[in-house]
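Good morning. Please have a look at it first.

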Amino acid sequence: MTDLGRRKNILIIAEGFEEKPYIDKILSFPNINKDTYNFAKAINVKGNGNIPARFQFEIQRGFYDAVLIFCDADKGSEQFYKLVCDIGKHFFSKKEDAMEVFIFANPVTLQIVLSHFGDVNLTKVGKKSNATAVEDLTGIKNYEARKEQISEMISKIHFSSINEFKRRLANISTNFNDVPSTNFLTFLERFESSNTSWIDKIDNLRK
């Protein structure tokens, strides 16, 4: 699917209204290797139940060199594991290999987003449960993931703090069963690099 000498087309399927604007913001930063990758605008599928059908649609279109999924791991929930297995059994030789296309945050994406502002270890899924952490780190009161609140939070994220952000993520587990955990730094480093072997690995694991 990939041709040497051209940029690799990447699509990220975002679970919801926090993930899409966040990943679009990150992909606009100058550390992203735009000579190597061409990132489409992320697609908000408005719920993880809609991910498998959209993933299948985009794979069958054959336009992208890699289709990735950005979603919550919900404390390593059965629902998240089922989502991985649903993708895996249809598109990969082994179900567990589908993890290669998942950018996850456990318990929620706020764990990643708030790491731009300070050290944080979220343990709960609910917006209200994490509202105090949001206010402490961003100044946004009574966070309920309303559109204007999300926009305000994303607007406060700046490239100038990217190294501190990466340092904080490096201290978080990458095992999706751990709370908190995320593999976001792994993918960010891939997006910064000119090494596209990770795409080849995904292709080799596919059916």
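Start with Q111, which is buried, with a relative accessible area of 0%. Buried means under 20% relative accessible area, exposed means over 50%, and partly exposed is in between, with a 1.4 Å probe and protein chains only. Before going on, note that this is a predicted model, where local features need pLDDT of at least 70, side-chain atom pairs count only at pLDDT 80 or more, and totals for chains, interfaces and linings use all residues. Residues are numbered from 1 along each chain as its sequence is written, and side-chain values use heavy atoms, with hydrogens and water left out.

Q111 sits in helix 4, residues 110–114. Helices here are DSSP runs of H or I with at least four residues, strands are runs of E with at least two, and both are numbered from the N terminus. What does Q111 touch, not counting residues up to four places away in sequence? The list is N106, V120, N121, L122, I172 and P180, where contact means heavy atoms within 4.5 Å.

Two other buried residues lie in loops. E15 is in the loop between strand 1 (8–14) and helix 1, and at 13% relative accessibility E15 counts as buried. Apart from neighbours within four places in sequence, E15 contacts N44, V45, K46, G47, N48, I51, F70, C71 and D72. T36 is 21 residues from E15 along the chain, and their C-alpha atoms are separated by 25 Å.

N31 is in the loop between helix 1 and strand 2 (37–39). N31 has a relative accessible area of 16%, so it is buried. Its contacts, again leaving out neighbours within four places, are F159, I162, L188, F191 and E192.

Now the core. In soluble globular proteins, nonpolar side chains tend to be buried together. A nonpolar core here is a set of buried Ala, Val, Leu, Ile, Met, Phe, Trp, Tyr and Cys residues joined through side-chain atoms within 4.5 Å. The largest one has 69 residues, and those with the most contacts inside it are Y22, L68, F102, F184, F191 and W198. Strand 4 (residues 66–72) gives the largest share of this core, six residues. Y22 touches residues including F70, I154, F165 and F184.

Next, helix packing. The axes of helix 1 (residues 19–27) and helix 6 (residues 147–155) come within 10 Å and cross at roughly 20°. Axes are lines fitted to C-alpha atoms, for helices over the stretch in contact, and angles run from 0 to 180 degrees between N-to-C directions. The angle makes helix 1 roughly parallel to helix 6; angles under 35 degrees count as roughly parallel, over 145 as roughly antiparallel, 65 to 115 as roughly perpendicular and the rest as oblique. Which residues make the contact? They are P21, Y22 and K25 of helix 1 and I150, I154 and S155 of helix 6.

Helix 1 also meets helix 8: their axes come within 12 Å and cross at roughly 35°. Here Y22, I23, I26 and L27 of helix 1 meet F184, L188 and F191 of helix 8.

Last, helix 7 (residues 162–170) and helix 8 (residues 184–192) pack at about 135°, with axes 9 Å apart. That makes helix 7 oblique to helix 8. I162, F165, K166, L169 and A170 in helix 7 meet F184, L185, L188 and E192 in helix 8.
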